Amino acid sequence: MISIGLLGAGRMGEALIKGLLGKGTGYEVNFVETDSDRAMYITKNYAAKRLTHLQELSRCDICVLAIKPQDVSSVVEELSKALSPSVLIVSIVAGIGLGYFTQRFPLHRSARVMPNTPALIKEGISGVSFSPQCTKADQAIVLEVFRSVGGVQAIPDSLMNAVTALSGSGPAYYYLLTHYYAKIAEGYGMDYALALTMMTQTMLGAAKMIQTTQLSPEELIRMVASPGGTTEAALKVLREPALFEILTMSYSRAHGRAKELDPSS
């Protein structure tokens, strides 16, 4: 049995607790949470044990840091004194590079993971990078842990901010786009809730087409867009350089903010 201790039981912490416990009896799940109401919610809804002191995380095989970036410095300082060197450290903190953890935990193996919120329904995608000290066994365990909440891709640490801006923040981009199109349809007389349902299923189906057909996005576009038709008329607007520039700027802002969050940068 693998013992996992989560430092923080917010949305992503809960997603991992739910995913791991849903896999069966292979994991013992513990957590540290300073918010008493949140801790009570977790213990009421999941078979996870609440730990009251950071030192108790030393009994775990893996310590997952699921805290906010602004809390990292103060928490890590205390945690570095509390954790046994045998504990594998896994950070899901946005923007904090592996170098930060290898400097502060020189005797530990560490991994960095960027999941996203669809992990809450086991449909997430996580980018994972490993410190040189990690063994193949360590890598296999971390990949298995995050497969409990969706897909996993091994990514060099140097690209993890790019992953953060793409898939970490990505769900919000799609939520906003779905909302905008539903609001536009509402302006043409369609009920907003109906338009949202139609657009949501359209986006879900389109995503599955990319996954299952192995066709490129451009090939799939050609399947929808008949010459002189409605889709082609819309695409002429969407392909305007201004839209690509706006999307590039949004991605750049997210990427830049991820870099700013790293205290070691």
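A salt bridge is a side-chain nitrogen of Lys or Arg within 4 Å of a carboxyl oxygen of Asp or Glu. This tour begins with such contacts and then moves to the sheet, the rings and the surface. The structure is a predicted model, in which local features need pLDDT of at least 70 and side-chain atom pairs count only at pLDDT 80 or more, while totals for chains, interfaces and linings use all residues. Residues are numbered from 1 along each chain as its sequence is written, and side-chain values use heavy atoms, with hydrogens and water left out.

**Stop 1: salt bridges**

By the rule above, the count of salt bridges is seven. Select Glu-56 and Arg-59 to begin: their side chains meet in a salt bridge, at 3.7 Å from N to O. The terms for exposure are as follows: buried means under 20% relative accessible area, exposed means over 50%, and partly exposed lies in between (1.4 Å probe, protein chains only). Glu-56 is buried, with a relative accessible area of 17%, whereas Arg-59 is exposed, at 55%.

Next, select Asp-138 and Arg-109. These two residues form a salt bridge in which the closest N and O atoms are 2.9 Å apart. Asp-138 lies in helix H5 (residues 136-147) and Arg-109 in the loop between helix H4 (98-104) and strand E6 (110-114), so the pair ties together parts that are 29 residues apart in sequence. The names of these elements come from DSSP runs, numbered from the N terminus: helices are H or I with at least four residues, and strands are E with at least two. Asp-138 counts as buried, at 6% relative accessibility.

**Stop 2: the sheet**

Display the strands. Eight strands form an open sheet in the order E3-E2-E1-E4-E5-E6-E7-E8, with mixed pairing. Strand E3 (49-50) and strand E8 (150-154) are the edge strands, each of which pairs on one side only. Two strands are said to pair if DSSP finds at least two bridges between them.

Start at E3. Strand E2 (residues 27-32) pairs with E3 in the parallel sense over two bridges, and Asn-30 stands opposite Lys-49 in E3.

Now select strand E4 (residues 62-65).

Strand E1 (residues 2-7) runs parallel to E4 and is joined to E4 by four bridges; here Leu-6 stands opposite Val-64. Strand E5 (residues 88-91) also pairs with E4 in the parallel sense, over four bridges, and Leu-88 in E5 is the bridge partner of Ile-62.

From E1, proceed to Gly-10, in the loop between E1 and helix H1 (11-22). Gly-10 is partly exposed, with a relative accessible area of 30%. The C-alpha atoms of Gly-10 and Ile-42 are separated by 9.4 Å, although the two residues are 32 apart along the chain.

**Stop 3: an aromatic pair**

Rings of Phe, Tyr and Trp (its six-membered ring) pair if their centres lie within 6.5 Å; planes under 30 degrees apart count as stacked, over 60 as edge-to-face and the rest as tilted. The structure holds one aromatic pair. Select Tyr-100 and Phe-101: their ring centres are 5.3 Å apart and their planes stand at 85°, so the pair is edge-to-face. Both residues are buried.

**Stop 4: helix H7 and the surface**

Select Lys-183 and Glu-186, which form a salt bridge with the closest N and O atoms 2.8 Å apart. Both lie in helix H7, three residues apart, about one turn of the helix. Lys-183 is partly exposed, at 40% relative accessible area, and Glu-186 is likewise partly exposed, at 34%.

Finally, select Leu-176, Leu-177, Tyr-180, Tyr-181, Ile-184, Tyr-188, Leu-238, Leu-243 and Leu-247. These residues form a nonpolar patch on the surface, with about 900 Å² of accessible area together. Patches are made of residues with over 30% relative accessible area and no salt bridge; like charges are joined within 9 Å, and nonpolar side chains (Val, Leu, Ile, Met, Phe, Trp, Tyr) within 5 Å. Accessible areas come from the Shrake-Rupley method with a 1.4 Å probe, and for residues only the protein chains shown count as cover. Helix H7 (170-187) and helix H11 (241-261) each supply at least two residues of the patch, and H7 gives the most, with five.
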